[in-house]
Amino acid sequence: MTAVAVGRAGEHGPSEGAAPVPDDAPYKDASRPVEERVDDLLARMTVEEKAGQLFQDMVTVGEGGTLAERDAVFGTPSVHEYVVERHMTHLNVLGAPGTAAELAAWHNRVQEVAASTRLGIPVTVASDPRHAFSDNPLAALAAGPFSQWPETLGLAAIGDPGFVERFADTVRREYVATGLRTALHPQVDLATEPRWARASGTFGEDAALATALGVAYVHGLQGTGAVARGAGLDGAFGTASVSAMTKHFPGGGPQLDGEDPHFAYGREQVYPGGRFEEHLEPFRAVIAAGTRQLMPYYGMPVGLEVGGQAVPEVGFGFNRPIVTGLLRETLGYEGVVCTDWGLVSDAEIMGRPFPARAWGVEHLTRHERVAAILDAGCDQLGGEACPELVVDLVRAGTVTEERLDVSVRRLLREKLLLGLFDENRYVDVEAAARLVGSPEARAAGRAAQSASVTVLTSPPDGAARLPLARGLRVYAEGLPDDVVAAYGEPATSPADADVAVLRLAAPWEDRGPGFEQLFHAGSLEFPAGEVERVLAVCDAVPTVLAVYLDRPAVLTPFVGRAAAVVAEYGASGEALLDALTGVEPARGRLPFDLPSSMAAVVASRPDVAHDTADPLFRAGHGLGVEGRSTEG
């Protein structure tokens, strides 16, 4: 690859001599066809302004919805530096302000900064998932003012495409109200490796289920399905839509030893069972359903052949046979491709070094990595803010300006279709406060948390028989006394109780401080001391064991000793007890197998669904609890 001179951040700055833009420029005229507007705007852009469009990085919201300065934890720049100095107009918002009004007000302030630039290109604000009950920054952002639902695995446990579309429609309406116009979801990877830390964001390990729910999710977000049409929308992608960035093409999940490629030791993605096509199935379907954007995964395929040709052992974001060959040419995908975060630059997160995920191309310079990503066919670099590298590459002749135009055209078209240049540049702060997290949406989210609860075992009789009777003396762990008191009488010890309800989380290995601790990886077995402690309670009093599954867990020691065992996927204490007492029917079914032992997990093939020998419970298992009236 041709060597190029290394530029400095901001060296090329705002383009000197760039012509001012008249108020009647065609791209500013909402009555003109989108393609005409794109052509006009693209012709006016400098190389620096084009380069800025190719980057999307994280940004934080200041207190009270103000524009924050550089973020202390992630080291990200201010809005002014991004938009004015680096010409970047795609930002991924971190965190959640206390109110929807604050987020909406922040969004409007960002757009004011964008409007002050020479071309006035609006900012597209993106978000990771933020409607789940749990708060793991790896899996989803804190919900804050948004309505709270079960995690994606909980949606899979409910297993109803119509329900998932209605949920995603709620996300769409709450996002649009606050100015969030790109969703970095859904995640339609198949969780075929039980140890993989990213399972919580998936629809489980079954390709058919992930396909059906992924398509419904995309239609709900983009306003292109039956739910939106029933609400009076025309079913076309447009000004009421959120652009869905489906991930992680061509399917994460089959990771060697279940480790995640955020880290060098987890970079290898393997297919010993030859099931690459099965992992591709949900992506074929969401492409056909019209997903506007796709994100390739970090993983580096090892020993993979596609169409009889060996695939280079480099991360998918650098992989031309995957992005251009398979995605663009074979599957005919014409939308935006944005890389996963941080393929180019080393960083420091939470006080610890975090090397770029340049798997297979670690030897390349930052300039060469950018050139490889563009050559692969990607349009945008996620988690990076170095457009000066692209300018250097163009000036050196390594990348042509025409190549930039291909990607910038896609990105500008998306902004125009979303109405960001026109009626949607600013949002109504008061309307956001009314709509986001409405009582109706919160009630629906709580009911969904209850519905996703999956009953694995239940006694035919006795105090722990489900649904639990009200008024029992309850010894609880993981549930506050004031929550328990609404359903029964809190007990201070198992000896004083009629029944115990213990909440546990699926086990994981502590990998040390910093960002890595957010990845729940490693063994699925509970430590021996924890097993002994839980079983002592089970022997003392009839016990309901409620296990939060962000990935499978080995529950073998508890089945037969606990009176009842249930799984949940992100639920408040109230939602869990609603399910256990029958206030809301628990109707979840497992979205993946639960293995009987770690030996079975280790012996299984990472790319093959349902491959652990003699699983304790098969995917699809769920006994349910009948709902009953809250009266009496």
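Student: What makes Glu568 and Arg503 a salt bridge?

Tutor: This is a predicted model, and in it the closest N and O atoms of Glu568 and Arg503 are 2.6 Å apart. The cut-off is a Lys or Arg side-chain nitrogen within 4 Å of an Asp or Glu carboxyl oxygen, so Glu568 and Arg503 qualify as a salt bridge.

Student: Why would such side chains pair?

Tutor: Opposite charges can pair when the charged atoms come close.

Student: And what does the Glu568-Arg503 pair tie together?

Tutor: Glu568 sits in strand β20 (residues 564-568) and Arg503 in strand β18 (residues 499-505), so the bridge links parts 65 residues apart in sequence.

Student: Are Glu568 and Arg503 buried or exposed?

Tutor: Both Glu568 and Arg503 are buried.

Student: How many salt bridges does the rule give?

Tutor: The count is 33. One of them joins Glu35 and Arg409, with closest N and O atoms 4.0 Å apart. The rule says within 4 Å, so that pair is counted too.

Student: What does the Glu35-Arg409 pair connect?

Tutor: Glu35 belongs to helix α1 (residues 34-44) and Arg409 to helix α13, so parts 374 residues apart in sequence are tied together.

Student: Why is Glu35 called partly exposed?

Tutor: Its relative accessible area is 36%. Buried needs under 20% and exposed over 50%, with partly exposed in between, so Glu35 goes in the partly exposed class. Arg409, at 26%, is partly exposed as well.

Student: Which residues join Glu35 in a salt-bridge network?

Tutor: Asp39, Arg409 and Arg413 are linked with Glu35 in one network, through salt bridges that share partners.

Student: How do you know how to class Glu277 and Arg284?

Tutor: Same test. Glu277 has 41% relative accessibility, so it counts as partly exposed, and Arg284 has 37%, so it does too. These two also form a salt bridge, with closest N and O atoms 3.0 Å apart.

Student: Why is Val453 called buried?

Tutor: Its relative accessibility is 1%, and buried means under 20%, so Val453 counts as buried. Val453 lies in the loop between α15 (439-452) and β15 (454-457).

Student: What is Val453 in contact with?

Tutor: Setting aside neighbours within four places in sequence, its contacts include Val566, Ala567, Glu568, Leu576 and Arg587.

Student: What makes helix α12 largely enclosed?

Tutor: Eight of its nine residues (387-395) are buried, so the rest of the structure largely encloses α12. Among the buried ones are Pro387, Glu388 and Asp392.

Student: Which elements do the buried residues of α12 pack against?

Tutor: They pack against α2 (47-53), β1 (55-60), α11 (366-376) and α13 (401-417). After α12 comes Gly397, with a positive phi near 80°.

Technical notes
Residues are numbered from 1 along each chain as its sequence is written. This is a predicted model: local features need pLDDT of at least 70, side-chain atom pairs count only at pLDDT 80 or more; totals for chains, interfaces and linings use all residues. Side-chain values use heavy atoms; hydrogens and water are left out. Buried means under 20% relative accessible area, exposed over 50%, partly exposed in between (1.4 Å probe, protein chains only). Helices (H or I, at least four residues) and strands (E, at least two) are DSSP runs, numbered from the N terminus. Contact means heavy atoms within 4.5 Å.
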